[in-house]
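Student: I am new to this structure. Can you show me how to read its features, one at a time?

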Amino acid sequence: MKIFASIAAASALLALSAPASAQFAKPEDAIKYRQSALSVMGTHFGRVGAMASGRAPYDAKVAADNAEVVAAMSKLPWAGFMPGTDKGNTKAKPEIWTEQAKFKEYNEKLQAETTKLAAASKTGNLDSLKTAFAATADTCKACHDAFRNK
Ligand code: ASC
(Lines give C-alpha, C1' and ligand atoms only; values in the text may rest on other atoms or scores of the structure.)
Protein backbone atom coordinates (compact mmCIF):
# COMPACT_ATOMS: atom_id res chain seq x y z
CA MET A 1 0.00 0.00 0.00
CA LYS A 2 2.82 2.31 0.96
CA ILE A 3 4.41 2.02 -2.48
CA PHE A 4 1.18 3.16 -4.16
CA ALA A 5 0.97 6.14 -1.86
CA SER A 6 4.56 7.04 -2.75
CA ILE A 7 3.86 6.72 -6.47
CA ALA A 8 0.72 8.82 -6.13
CA ALA A 9 2.60 11.49 -4.19
CA ALA A 10 5.48 11.48 -6.67
CA SER A 11 3.06 11.77 -9.61
CA ALA A 12 1.24 14.66 -7.98
CA LEU A 13 4.53 16.42 -7.30
CA LEU A 14 5.66 15.87 -10.88
CA ALA A 15 2.38 17.22 -12.23
CA LEU A 16 2.79 20.35 -10.09
CA SER A 17 6.45 20.97 -10.83
CA ALA A 18 6.43 20.08 -14.52
CA PRO A 19 4.11 22.62 -16.19
CA ALA A 20 6.83 24.56 -18.08
CA SER A 21 8.65 21.57 -19.50
CA ALA A 22 5.39 19.68 -20.05
CA GLN A 23 4.38 22.28 -22.63
CA PHE A 24 7.09 21.11 -25.02
CA ALA A 25 8.05 17.55 -25.90
CA LYS A 26 11.64 18.45 -26.84
CA PRO A 27 14.02 21.38 -26.18
CA GLU A 28 14.06 22.10 -29.96
CA ASP A 29 10.28 22.53 -29.85
CA ALA A 30 10.59 25.17 -27.11
CA ILE A 31 13.32 26.99 -29.05
CA LYS A 32 11.26 26.94 -32.26
CA TYR A 33 8.19 28.12 -30.36
CA ARG A 34 9.88 31.14 -28.75
CA GLN A 35 11.58 32.10 -32.03
CA SER A 36 8.23 31.88 -33.84
CA ALA A 37 6.45 34.03 -31.25
CA LEU A 38 9.26 36.63 -31.35
CA SER A 39 9.22 36.57 -35.15
CA VAL A 40 5.46 37.17 -35.38
CA MET A 41 5.77 39.92 -32.78
CA GLY A 42 8.61 41.53 -34.77
CA THR A 43 6.63 41.40 -38.01
CA HIS A 44 3.64 43.21 -36.52
CA PHE A 45 5.83 45.60 -34.54
CA GLY A 46 7.59 46.45 -37.80
CA ARG A 47 4.24 47.37 -39.38
CA VAL A 48 3.52 49.75 -36.52
CA GLY A 49 7.06 51.10 -36.84
CA ALA A 50 6.61 51.79 -40.54
CA MET A 51 3.73 54.13 -39.64
CA ALA A 52 5.50 55.63 -36.62
CA SER A 53 8.48 56.53 -38.80
CA GLY A 54 6.47 57.72 -41.80
CA ARG A 55 7.62 54.91 -44.10
CA ALA A 56 3.98 53.85 -44.42
CA PRO A 57 0.88 56.03 -44.41
CA TYR A 58 -0.70 56.30 -40.96
CA ASP A 59 -3.91 54.30 -40.69
CA ALA A 60 -5.21 54.19 -37.12
CA LYS A 61 -7.13 50.95 -37.65
CA VAL A 62 -4.13 49.15 -39.16
CA ALA A 63 -1.89 50.47 -36.35
CA ALA A 64 -4.34 49.28 -33.69
CA ASP A 65 -4.76 45.84 -35.27
CA ASN A 66 -0.99 45.34 -35.43
CA ALA A 67 -0.31 46.74 -31.96
CA GLU A 68 -2.95 44.36 -30.59
CA VAL A 69 -1.05 41.39 -32.05
CA VAL A 70 2.23 42.72 -30.62
CA ALA A 71 0.70 43.00 -27.15
CA ALA A 72 -0.76 39.49 -27.34
CA MET A 73 2.46 37.96 -28.67
CA SER A 74 4.59 39.65 -26.01
CA LYS A 75 3.15 37.24 -23.43
CA LEU A 76 4.20 34.07 -25.23
CA PRO A 77 7.93 33.64 -25.88
CA TRP A 78 9.00 33.33 -22.22
CA ALA A 79 7.60 29.85 -21.60
CA GLY A 80 9.95 28.67 -24.33
CA PHE A 81 13.04 29.67 -22.34
CA MET A 82 12.75 26.62 -20.11
CA PRO A 83 15.80 24.96 -18.55
CA GLY A 84 17.80 22.88 -21.03
CA THR A 85 17.06 25.15 -24.00
CA ASP A 86 20.29 27.14 -23.82
CA LYS A 87 21.98 24.95 -26.45
CA GLY A 88 21.05 24.35 -30.07
CA ASN A 89 19.81 26.65 -32.82
CA THR A 90 19.58 29.73 -30.62
CA LYS A 91 21.13 33.13 -30.03
CA ALA A 92 20.01 33.05 -26.40
CA LYS A 93 22.82 33.99 -24.00
CA PRO A 94 23.48 31.82 -20.94
CA GLU A 95 22.70 34.89 -18.80
CA ILE A 96 19.00 34.21 -19.41
CA TRP A 97 19.33 31.27 -17.03
CA THR A 98 21.91 32.73 -14.65
CA GLU A 99 20.14 36.10 -14.30
CA GLN A 100 16.55 34.92 -14.28
CA ALA A 101 15.20 37.79 -12.17
CA LYS A 102 16.59 40.35 -14.61
CA PHE A 103 15.30 38.41 -17.62
CA LYS A 104 11.83 38.20 -16.06
CA GLU A 105 11.91 41.92 -15.29
CA TYR A 106 12.67 42.65 -18.97
CA ASN A 107 9.92 40.27 -20.13
CA GLU A 108 7.43 42.04 -17.87
CA LYS A 109 8.63 45.47 -18.99
CA LEU A 110 8.01 44.46 -22.59
CA GLN A 111 4.49 43.30 -21.78
CA ALA A 112 3.81 46.60 -19.98
CA GLU A 113 5.15 48.67 -22.90
CA THR A 114 3.24 46.73 -25.55
CA THR A 115 0.05 47.16 -23.51
CA LYS A 116 0.72 50.92 -23.58
CA LEU A 117 1.46 50.70 -27.31
CA ALA A 118 -1.90 49.00 -27.93
CA ALA A 119 -3.66 51.65 -25.82
CA ALA A 120 -1.87 54.47 -27.66
CA SER A 121 -2.75 52.95 -31.01
CA LYS A 122 -6.44 53.09 -30.09
CA THR A 123 -6.37 56.84 -29.43
CA GLY A 124 -5.87 57.51 -33.14
CA ASN A 125 -3.14 60.01 -32.25
CA LEU A 126 0.04 59.51 -34.27
CA ASP A 127 2.26 61.33 -31.76
CA SER A 128 1.09 59.02 -28.95
CA LEU A 129 1.79 56.05 -31.20
CA LYS A 130 5.31 57.33 -31.96
CA THR A 131 6.08 57.81 -28.25
CA ALA A 132 4.83 54.35 -27.30
CA PHE A 133 6.58 52.76 -30.27
CA ALA A 134 9.92 54.30 -29.25
CA ALA A 135 9.51 53.14 -25.64
CA THR A 136 8.68 49.62 -26.80
CA ALA A 137 11.62 49.51 -29.23
CA ASP A 138 13.96 50.61 -26.42
CA THR A 139 12.66 47.73 -24.33
CA CYS A 140 13.25 45.22 -27.17
CA LYS A 141 16.76 46.56 -27.59
CA ALA A 142 17.70 46.52 -23.89
CA CYS A 143 16.78 42.84 -23.65
CA HIS A 144 18.55 41.97 -26.91
CA ASP A 145 21.69 43.78 -25.76
CA ALA A 146 21.72 41.89 -22.46
CA PHE A 147 20.45 38.48 -23.47
CA ARG A 148 20.83 37.83 -27.22
CA ASN A 149 24.00 36.95 -29.06
CA LYS A 150 24.69 38.80 -32.30
C1 ASC B 1 11.76 45.43 -34.36
C2 ASC B 1 12.27 44.13 -34.22
C3 ASC B 1 13.01 44.09 -33.10
C4 ASC B 1 12.95 45.41 -32.43
C5 ASC B 1 14.28 45.98 -32.11
C6 ASC B 1 14.14 47.34 -31.46
O7 ASC B 1 11.03 45.82 -35.24
O8 ASC B 1 12.08 43.07 -35.01
O9 ASC B 1 13.67 43.08 -32.64
O10 ASC B 1 12.20 46.23 -33.33
O11 ASC B 1 15.05 46.10 -33.24
O12 ASC B 1 15.38 47.89 -31.16
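Tutor: Start with how helices are named. A helix is a DSSP run of at least four residues, and helices are numbered from the N terminus. This model is predicted. Thr 114 is found in helix H6, which covers residues 100–123.

Student: How many helices and strands does the chain have?

Tutor: Seven helices and zero strands. Read along the sequence, the pattern is α-α-α-α-α-α-α.

Student: Back to Thr 114. Is Thr 114 buried or exposed?

Tutor: The general idea is a cut-off: buried means under 20% relative accessible area. Thr 114 has 0% relative accessibility, so it counts as buried. Of the 150 residues of the chain, 33% are buried.

Student: Which residues is Thr 114 in contact with, leaving aside its neighbours within four places in sequence?

Tutor: Val 70, Ala 71, Ser 74 and Thr 136. With Ser 74 there is also a polar contact, side chain to side chain, at 3.0 Å.

Student: What share of the chain's contacts between residues at least 6 apart in sequence join residues at least 24 apart?

Tutor: That share is 75%.

Student: Now helix H7. What is its reach from first C-alpha to last?

Tutor: To judge a helix, compare its reach with the span expected at 1.5 Å a residue. H7 has 22 residues and reaches 31 Å, close to the expected 32 Å. At the start of H7, a side-chain oxygen of Asn 125 comes within 2.9 Å of the backbone nitrogen of Asp 127.

Student: Which residues of H7 are buried, and what do they pack against?

Tutor: The buried ones are Leu 129, Ala 132, Phe 133, Thr 136, Thr 139, Cys 143, Ala 146 and Phe 147. They pack against H3, H4 (60–73), H5 (95–98) and H6.

Student: Which residues are around the ligand?

Tutor: Gly 42, Phe 45, Ala 137, Cys 140, Lys 141 and His 144. The protein buries 57% of the 320 Å² that the ligand exposes when taken alone. Two elements give two or more residues to this shell: helix H3 (27–52) and helix H7 (126–147). H7 gives the most, with four residues.

Student: What classes of residue make up the shell around the ligand?

Tutor: Three nonpolar, two polar and one charged. Look at the backbone too: a polar backbone atom of Ala 137 is 3.4 Å from an oxygen atom of the ligand.

Definitions and conventions: Residues numbered from 1 in each chain as written. Predicted model: local features only at pLDDT ≥ 70, side-chain atom pairs only at ≥ 80, totals over all residues. Heavy atoms only, no water. Buried < 20%, exposed > 50% of the residue type's maximum accessible area, 1.4 Å probe, protein only. Contact = heavy atoms within 4.5 Å. Polar contact = N/O pair within 3.5 Å; in protein donor to acceptor, adjacent residues only side chain to side chain. Near = heavy atom within 4 Å. Areas by Shrake-Rupley, 256 points an atom, 1.4 Å probe, with all protein chains shown as cover. Nonpolar A, V, L, I, M, F, W, Y, C, P; charged D, E, K, R; others polar. Expected span 1.5 Å × (residues − 1).
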